[in-house]
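Hello,

Here is the structure for you to look over. My notes on the ligand site and the annotated residues follow below.

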Amino acid sequence: MSEPTLRALAPGKTNLGLFLGPTRADGLHELVTLIEPLSLADELTLEELPGGALSAAAPGLDDAACAGGADEVVCAGVEGPNLAATALERYRAASGWDGPPRRLTIVKRVPVAAGMGGGSGDAAAALRLAAHAAGRPGDPLIAQLAPRLGADVPSQVAPAPVLVHGAGEHVEPVLPPPAHWLLVLPSRERLSTPEVFREADRLGIGRTAQELLELRERLREGLLPELLVNDLEPAARSLCPAIAPALEAARAAGADHAFVSGSGPTVIGLFWGEQGERAARTGAERLRERFPGAVAARPVAPDFAAVGVVRDNGAAHEQ
Ligand code: ATP
């Protein structure tokens with residue numbers, strides 16, 4: 001009998017406040033940020049690979065597919081090595097799970113290289129799926145593997161509002177901010193996160209360790225409007241001038257706040273209150289022609305990203 005097909009969503013994230021501190025001895029920047037997972041999510045399906053190891057070993061996989069050990073990852077829209085393939089490979093190696101080869105299919109909805117943590121979210125979801133397939137849902141090994149996959153992966157393991165500090169490795173759950181909706185304006189351009197950090201250094205952006213500590217305490221107490229600041233925004237804007245008109249468009253759509261998501265170039269318009277849904281949706285519809293992929297999104301809780309078994313009719317139910 002074949003193994004059940006599993007499905008999980010990998011929410012994109014935005015940063016509600018991002019404060020940059022000094023560079024550490026390991027070359028990474030200290031930062032403090034509140035990360036929020038969004039309903040704009042990639043969809044991952046893990047199924048037994050038809051033909052097993054034989055087809056996984058077959059040469060000639062196109063750009064969108066790459067073999068991760070015996071497993072295969074198919075992800076249209078992402079060229080080159082896929083972080084989710086690395087996640088699967090590392091989970092197999094660390095856990096000893098030797099179940100039959102799997103195909104992981106990723107439907108990308110989160111814009112790529114856009115400051116929304118899409119690759120990290122996919123890697124975290126791949127770990128959740130692999131642990132589930134191995135019969136160890138919620139395996140503590142996931143938390144050990146996550147930081148080694150990337151600075152943003154630990155915050156995506158159980159997507160929920162979290163306060164992140166260090167270089168991304170310290171993740172603390174926080175109370176969800178007051179109700180709000182978001183207008184997501186993707187860019188036609190991409191930005192590389194390391195380049196944005198380098199540009200921030202070139203521009204001399206960065207706070208002292210003491211300032212960072214104080215901001216961490218303030219964010220822990222709750223999200224106040226004056227904390228909706230992204231220290232990486234000037235660096236992203238300097239590398240991508242198309243961000244400025246997107247910020248203006250979000251403001252003109254009535255957003256209470258407009259900011260760059262993470263390292264950009266995606267722009268977020270935030271609307272407070274449940275009634276923000278209408279304005280965010282209207283804004284997305286009106287702006288979609290100028291900003292393809294413009295969409296309204298809401299914050300989500302961990303059950304949104306839980307692993308489910310795909311029934312015969314294609315619907316998934318949580319385990
Ligand atoms: P960050 O997590 O630093 O905010 P980002 O959201 O700006 O990153 P991603 O969408 O994660 O950017 O993509 C960054 C790079 O990672 C891309 O250039 C892409 O080639 C590579 N990558 C590897 N795997 C994936 C994946 N599953 N989804 C998206 N990008 C991936």
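**Ligand site**

Helices here are DSSP runs of H or I with at least four residues, strands are runs of E with at least two, and both are numbered from the N terminus.

A caveat on the source: this is a predicted model, where local features need pLDDT of at least 70 and side-chain atom pairs count only at pLDDT 80 or more, while totals for chains, interfaces and linings use all residues. Residues are numbered from 1 along each chain as its sequence is written, and side-chain values use heavy atoms, with hydrogens and water left out.

- Thr 193: a polar side-chain atom at 2.7 Å.
- Ala 113: a backbone N or O atom at 2.9 Å.
- Asp 152: a side-chain N or O atom at 3.0 Å.

Alone, the ligand exposes 610 Å², and the protein buries 78% of that. Areas use the Shrake-Rupley method with a 1.4 Å probe.

The ligand sits in the largest pocket, meaning that more than half of its atoms lie within 2 Å of the pocket's grid points. A pocket is an open set of points on a 1 Å grid over the protein atoms alone, where a 1.4 Å probe fits, with protein on both sides within 12 Å along at least five of seven lines; lining residues have an atom within 4 Å of a point.

**Annotated residues**

The unreviewed UniProt entry gives "active site" for Lys 13 and Asp 152. They are spread over 140 residues of sequence, yet the largest C-alpha distance is 9.8 Å. Both Lys 13 and Asp 152 line the largest pocket. Lys 13 lies in strand S1 (residues 6-23).

The entry also annotates residues 224-291 as "domain: GHMP kinase C-terminal". That stretch is 43% helix and 15% strand, with its end C-alpha atoms 29 Å apart. UniProt annotations may be inferred rather than shown by experiment.

**Backbone points to check**

Most residues other than glycine have a negative phi, and most peptide bonds are trans. Ala 113 has a positive phi, near 50°. Ala 113 lies in the loop between strand S5 (102-107) and H3. The Gly 264 to Pro 265 peptide bond is cis, with omega near 5°. Pro 265 is in the loop between strands S9 (257-260) and S10 (267-272).

Best wishes

Notes
A polar contact is a pair of N or O atoms within 3.5 Å; within protein, one must be able to donate a hydrogen and the other to accept it, and residues adjacent in sequence count only if both atoms are side-chain atoms.
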